[in-house]
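Welcome! Take a moment to look over the sequence and the 3D view, and then we can walk through them together.

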Amino acid sequence: MIYRVRAVLILLALAAILVPLPAGWVERFYSRTLYLSFQPYVTTVSNLSPIALFDVAALILLVAGMSLLIRDWRTFGFRKAAGQCAMRVVTVSAAAYLLFFVTWGINYR
């Protein structure tokens, strides 16, 4: 099951990177409708923190990733741990890109 979720995330991220979106659709549907519906909430939550929330999330992901790498290294050895770590990095990167794409990146299209 987890492999399917990973594959879907990675394929969606690749599609978001490679498939162009029509400018009219981006302007009408995303910029003037969808984005405006959630942007005030995201800004309100973001303004509650004196530091960048992305930096906190990145630090948490880094610590969690290192902890999992060390655990896997001790359990399975270096080669399998490195493979697991690489797959986690690709999966988390795909998820982070999709989050960015939906919350702001479509505006760049």
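How many salt bridges are there, counting a side-chain nitrogen of Lys or Arg within 4 Å of a carboxyl oxygen of Asp or Glu? The count comes to three. Before we visit them, please note that this is a predicted model, in which local features need pLDDT of at least 70, side-chain atom pairs count only at pLDDT 80 or more, and totals for chains, interfaces and linings use all residues. Residues are numbered from 1 along each chain as its sequence is written, and side-chain values use heavy atoms, leaving out hydrogens and water.

Let us begin with R88 and D72, whose side chains meet in a salt bridge at 2.6 Å, N to O. R88 lies in helix α4 and D72 in helix α3 (residues 53-76), so this pair ties together parts that are 16 residues apart in sequence. Helices here are DSSP runs of H or I with at least four residues, numbered from the N terminus. Both R88 and D72 are buried, where buried means under 20% relative accessible area, exposed over 50%, and partly exposed in between (1.4 Å probe, protein chains only).

D72 also forms a salt bridge with R71, at 2.9 Å from N to O. R71 is partly exposed at 46% relative accessibility, whereas D72 has a relative accessible area of 1%. Through shared partners, salt bridges join R71, D72 and R88 into one network.

The remaining pair is E27 and R32, with their closest N and O atoms 3.1 Å apart. E27 is partly exposed at 38%, and R32 is exposed at 55%.

Methods. Helix = DSSP H or I, 4+ residues; strand = E, 2+ residues; numbered from the N terminus.
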